[in-house]
Amino acid sequence: MAENVKPRVRVPRDAVAGETIVLKTLISHPMESGQRKDSDGNVIPRSIINRFTCSFNGETVIDVTMEPAISTNPYFEFEAVVPESGTFEFTWYDDDGDIYTETKDIAVS
Amino acid sequence: MKTKLAVSVIGVCLALPLGLAVADPNADLVINGEIPITVRTAAPDHVENLRTIYSGWTYRSSETQSLQMDDFENPGMIFVDEAIDAWNTVEGSAGESCASCHGAPEELAGVRAVYPRWNEEAGEVRTMAMQVNDCRTRRMGAEEWAYDKNDMLNMEALLASVSRGYPVNVAIDGPAQSMWELGRELYYTRTGQLELSCANCHEDNYDNNIRADHLSQGMINGFPTYRLKNAKLNGVHSRFRGCVRDTRAETYRVGTEEFIALELYVMSRGNGLSVEGPSVRN
């Protein structure tokens, strides 16, 4: 069970129609690879976020399969073209079944 | 025509890695576009062997530097968020949280800049961590946090973050003077099989490379520091311990009088630089 998982996203509050905007996301998560051993020699079980998605008004912007080699606190920065006002929805899927979501509205003029 | 093309291609290859790795030595640090940070200034009078003091930020690559310019990209701010939760959490027998007495963390803006500091009532020089633990045990009736461990470092990062931009200004005279002198002596004392003092690297050889690492002046205005190599916050005393260990010496433990004295002395060497914790280093 991952503790202190907290998603953060940064989306511009407004944009011009058709403009390419930069989205930044960061989630605090240990991303335990499953390859490490503790001081007693036992394998520390894998516990990572295995998928990250972003959608805009229901349409997929990005869908990422995440692997154990990704570092602690994964950070994604990507671009999207916004045709109209709407809502970005960000979703992280944890190995333990937890799903973390965050939404951000953007006003397009 | 062919030779000309080849030459220009080589030119690009040479220029690129340099451009990526080496930071502009005159770069200025402004956090979130609103907090100007003093990263170089005239050395205080009690630092006899330096003319100008530089924040460790000026020695890092431009990529590492840029991480600290925006709170969203600064991984240290994740721990500040955790500390804000702890700040508002009621703990201990007195039924109080940090917020019950201090209100918002911003109320303590500027505090980080004057620590370590003489505490008249206790008759000792106190670091931020000692003061936090004094609050926890005496006022909250809660358990102490271990020195330089997660909870404490998170709280120190929060307290540093609200003081960013304030010039470091620790008092070195009056009752704190004897501790300061002890710290100064430790700074110039060679230790370990390699017989190195702090000054051998950070005063005599700053700006040179020690293997692949670019030596800074060892200023501690940016602590606690998020290090990319271990992906967590690092405390001043742990950093001291790492340095002394690297001289192949038996080290002092974190939280001991020697390291408190050294923290006071090294902090005073940075009087005039801005508080910038949680900083990002490699």
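**Close-ups of a predicted model**

**View 1. Helices α9(B) and α10(B) are roughly perpendicular to each other.** This is a predicted model, so keep that in mind for every view here. The axes of α9 (residues 236–246) and α10 (residues 257–269), both in chain B, come within 10 Å and cross at roughly 100 degrees. That falls in the 65 to 115 range, which is why the pair counts as roughly perpendicular.

**View 2. Here's where α9(B) and α10(B) touch.** From α9(B) come V236(B), H237(B), F240(B), R241(B) and V244(B), and they meet F259(B), I260(B), L262(B), E263(B) and V266(B) of α10(B). Sort the residues in this contact by class and you get seven nonpolar, two charged and one polar.

**View 3. Over in chain A, five strands line up in an open sheet.** Reading across, the order is β2-β8-β7-β4-β5, and the pairing is mixed. At the edges sit β2 (14–15) and β5 (59–65), each with pairing on one side only. Inside this sheet, β4 (residues 49–56) and β7 (residues 86–94) run antiparallel and are joined by seven bridges. To spot one of the bridge pairs, find T53(A) and look for its partner T91(A) in β7(A).

**View 4. Strand β6(A) has one covered face and one uncovered face.** This strand spans residues 75–82 of chain A. F76(A), F78(A), A80(A) and V82(A) make up the covered side, while Y75(A), E77(A), E79(A) and V81(A) are on the uncovered side. β6(A) also pairs with β3 (residues 19–28) of chain A, in the antiparallel sense and over eight bridges. A handy landmark is A80(A) in β6(A), with I21(A) standing opposite.

Notes. Residues are numbered from 1 along each chain as its sequence is written. Chains are lettered from A and ligands numbered from 1 in the order in which they are written. This is a predicted model: local features need pLDDT of at least 70, side-chain atom pairs count only at pLDDT 80 or more; totals for chains, interfaces and linings use all residues. Side-chain values use heavy atoms; hydrogens and water are left out. Axes are lines fitted to C-alpha atoms, for helices over the stretch in contact, and angles run from 0 to 180 degrees between N-to-C directions. Helices (H or I, at least four residues) and strands (E, at least two) are DSSP runs, numbered from the N terminus. Angles under 35 degrees count as roughly parallel, over 145 as roughly antiparallel, 65 to 115 as roughly perpendicular and the rest as oblique. Contact means heavy atoms within 4.5 Å. Ala, Val, Leu, Ile, Met, Phe, Trp, Tyr, Cys and Pro count as nonpolar, Asp, Glu, Lys and Arg as charged, and the others, Gly among them, as polar. Two strands pair if DSSP finds at least two bridges between them. Buried means under 20% relative accessible area, exposed over 50%, partly exposed in between (1.4 Å probe, protein chains only).
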